[in-house]
Amino acid sequence: MKENLFKIHPAIGIARLGNSEDFYLSPEQPGALPIECDSDGVEIREKGKPKRIQSFKDESDLSKVKRQAARFRIFVYENESDLVGKEIKIGGVYNMQLVANAATVVQTVKGTVTDIQWTVHVANKKASWYDFTENSGMHGYASDHPLRNPEVTEPALRRQLIIDPGPQTVSSKNSCAKFSKGQNPGYPQTFPPVNISPNPIDTLGELKTNVQDDHPRLIFLGGNGNSGSSKTPVITSFVNNDGWFDDISDGPVTASIIYNYTQESYDKKGKKVKTVKSGSMDVQIPAWVVVGYPRYVPQMMDMITLDEAMFDLFVRNKAYQPQLFGVPPFEPENNQPKSEQELDLWLNEAHFNPGFYPQFYRDIWPILTRPDCYRYTYDFDYFGGADPHNRGTGGNLDMNALSKPPSHGDDPNFEHRQFIYNIMRKSGQENLFTAEGAASKSNPNYKPRLMPMLCGNNPITNISPDKFLAMTPTQLFFLKQWADGKFVNECQEWGEGSNNCNDPWANPPVTGEAIDRGVLSNMLGGAFCPGGELSWIMMNPAVYSEPYRVKHAVYQAGLLSLPAPIANLDGSPAPDLAKGMEPGDLTKYIGIPWQADFHECTYQNIDITYDNWNNIELDSTGDPAKQKIAYNIPWWPAHRPIVVYDKSMSSQVYWASGIPPNLSGDLQMVEAWKDLGFLASSGTGITRSFYQVERNNSALGEPVKPGDRQLGQVTGVQSSVGKKRDRNDR
């Protein structure tokens, strides 16, 4: 009898900050509203489906933002080949490991689950880490790379810059725990000084457990959105501010299954005796949790989600889906590298499968439909990349035309699809503004902009530039197959009569893998400068033990790693990706405090005077440019709105009205984030719209319309709002 395989899902959970005691559950479907729950985190249902939240804030106080909880569950799998699994139940019987100690398996027994012990350890390492300087550090840090808080060089004092409350464990017997100061006796906790201003930090969140339909679950709640400085509170940078702390965090999620089993023995008379005993078994595949800022537009998808970015990484680097990318004949049996050497060989030979047919509504339509939604969050230019760029009948993104595969040699939409593919920014075109050879049939002299027209990983400086966002190689492969007519329309192929054939995420996910991907689809997957909830570290294959699973490091209590230049002074632990990630290791790359970068991520004035900055040496040739050309390009319009419609839909207003577009505004955002409005949606398809709700005008003042030069706001296209200053401007 072989033991079952147990995994925690989602592989990476996302909680979000809030200053209210109330909370809701993280959505597990792309672009879905969060889920209503009771005070224990038990999901509330309507007609058998999760009930979606109606409000993002307390009904009686528009300055109280509800927190988003990350929910974790355990799935059991028959073996490694089982890709579906099922969620375990209290009282369920499974094949368990019975161990005498942590390393010795005695036998496999039939165990009846009685409880789950969950353990989580989150931390915040931002203040102890290196400065963020665009792409520097993606492949390791130079020995002289600047540090945040550089005056703190003694290792023991440097470690005091880490917010580390230590691990907490909960079960049905002890169902609540807090990551708060004084709540972990015996652990050498580190918290910021008590006098930081404007807001002290004495907690990184809390844990709860519950059981729903006999399924044991963990609820993780993050911090309260507090940020403060140990010095005079001043913001001097969008990303690096010495003396500051915030209560963002991340860390590992593990669990042990407590079970009863029956042991048979014989008494002195030779009579069989059955004795019920208890045992425990660690869940073999653990998880991770990340705390991010509030998602102010939860139903609007990013141009590239974190799931899509990670999916591409695993497809091309981890043999995740060999039928899509692998070694011919693209079958699982010859695409299973077992060692680093085998993986290197696989990477040298693997490529996209030319016989793979993407599905239109799952793989193509999401890429094409998202940009049209952004007109509800910034000054949208319909004619910036097409003729016109919209989803209506006859528009460049007319779904009815684009979803029709060739039939019996007839393909009237071939040129239409080819045009769209040619204006999609490819790998290697990150510094190009316009498309070559993509003139429309109706206007041969028209040179359209490359899409997506969003900021890349480094539009700030001309050192290692990556000015515009490009789709992932996997997305571009899907688009190329589609453009060439090699795709499937799900509704035509097998979904006739189905109401959901054009929406593969219409129903809540039921498999662990679908939960993993659904949760990550609501996180930002680019650009990473430094990023939204997470940064470019998520694109490093070394971070993962397997697809979607963060590799866990072994570490000592109170000795989380420090940057190498400090650690080397006394032999303290230094980060080592090969050994895994510690608490706080994913979020340490992003801005501190988070509100500064978030406030500035509106537009970026991108210099496009040269197409390819990497291939010029201005110092040796002089500057041949007679005229500099720059455009204001949006950053994350689905995360950080710029202009929005009020509920009446009568006019657009500045989302952050009342907060000036400068460093003083960054500082004001430290408090004002909780008063900003959320965006809700109405309608479906091309009639879908987004409008602002729950804005606290009593705190921020009445919102300002574009063109009204009040409160520091100016018209969006000419605005300097969100201009991330490079390190020479700080």
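**Entry: Ser521**

I looked up the neighbours of Ser521 and found that Ser521 touches Gln29, Pro30, Met301, Thr305 and Asp307, leaving aside residues up to four places away in sequence. Contact here means heavy atoms within 4.5 Å. I am working with a predicted model, where local features need pLDDT of at least 70, side-chain atom pairs count only at pLDDT 80 or more, and totals for chains, interfaces and linings use all residues. Numbering runs from 1 along each chain as its sequence is written, and side-chain values use heavy atoms, with hydrogens and water left out.

Ser521 sits in the loop between H9 and strand S26 (544–546). Helices (H or I, at least four residues) and strands (E, at least two) are DSSP runs, numbered from the N terminus. Is Ser521 buried or exposed? Ser521 is buried, at a relative accessible area of 4%. Buried means under 20% relative accessible area, exposed over 50%, and partly exposed in between (1.4 Å probe, protein chains only). The side chain of Ser521 reaches the backbone oxygen of Gly518 at 2.6 Å.

**Entry: the whole protein**

I stepped back for the totals. The protein has 14 helices and 33 strands. Of its 730 residues, 58% are buried. I also checked contacts with a separation of 6 or more: residues 24 or more positions apart account for 71% of them. The protein exposes about 30100 Å², and carbon and sulfur atoms supply 48% of that. Accessible areas come from the Shrake-Rupley method with a 1.4 Å probe; for residues, only the protein chains shown count as cover.

**Entry: nonpolar cores**

I looked for nonpolar cores, meaning sets of buried Ala, Val, Leu, Ile, Met, Phe, Trp, Tyr and Cys residues joined through side-chain atoms within 4.5 Å. The largest holds 185 residues. Phe6, Phe72, Trp118, Phe220, Trp482 and Leu586 touch the most other members. Another core of seven residues lies apart from it, with Phe23, Ile35, Cys37 and Ile219 among them. Cys37 has 9% relative accessibility and so counts as buried.

**Entry: helix H7**

Why do I call H7 (residues 473–483) largely enclosed by the rest of the structure? Because nine of its 11 residues are buried. Among them I noted Leu476, Phe477, Phe478 and Trp482. The cover over the buried residues of H7 includes helix H2 (306–317), strand S23 (351–352), helix H4 (360–373), helix H5 (399–402) and helix H6 (414–422). Gly485 follows H7, with a positive phi near 90°.

**Entry: cysteines**

How many disulfides does the structure hold? I found one. A disulfide is counted when two cysteine sulfur atoms lie within 2.5 Å. Cys491 and Cys501 form it, with their sulfur atoms 1.9 Å apart. Cys491 is in helix H8 (residues 490–493), and Cys501 is in the loop between H8 and helix H9 (512–520), 10 residues apart. The link of Cys491 and Cys501 is right-handed, with 95° about the S-S bond. Cys491 is buried at 14% relative accessibility, and Cys501 is buried at 16%.

Cys601 is buried at 0% relative accessibility.

**Entry: aromatic pairs**

I counted ring pairs next, and the structure holds 36 aromatic pairs. Rings of Phe, Tyr and Trp (its six-membered ring) pair if their centres lie within 6.5 Å; planes under 30 degrees apart count as stacked, over 60 as edge-to-face and the rest as tilted. Phe56 and Phe678 are stacked, 4.5 Å centre to centre with 0° between the planes. This pair links distant parts of the chain, 622 residues apart. Phe56 is in the loop between strand S5 (49–50) and strand S6 (57–58), while Phe678 is in strand S32 (residues 678–682). Both Phe56 and Phe678 are buried. Ring pairs join Phe56 and Phe678 with Tyr293, Tyr296, Trp594, Phe598, Trp655 and Trp673 in a cluster.

Glu206 lies in strand S15 (residues 203–212). Glu206 is buried, with 14% relative accessible area. Its side chain makes a polar contact with the side chain of Arg67 at 3.1 Å. A polar contact is a pair of N or O atoms within 3.5 Å; within protein, one must be able to donate a hydrogen and the other to accept it, and residues adjacent in sequence count only if both atoms are side-chain atoms.

Phe238 is in the loop between strand S17 (227–229) and strand S18 (244–246). Phe238 is buried at 1%.
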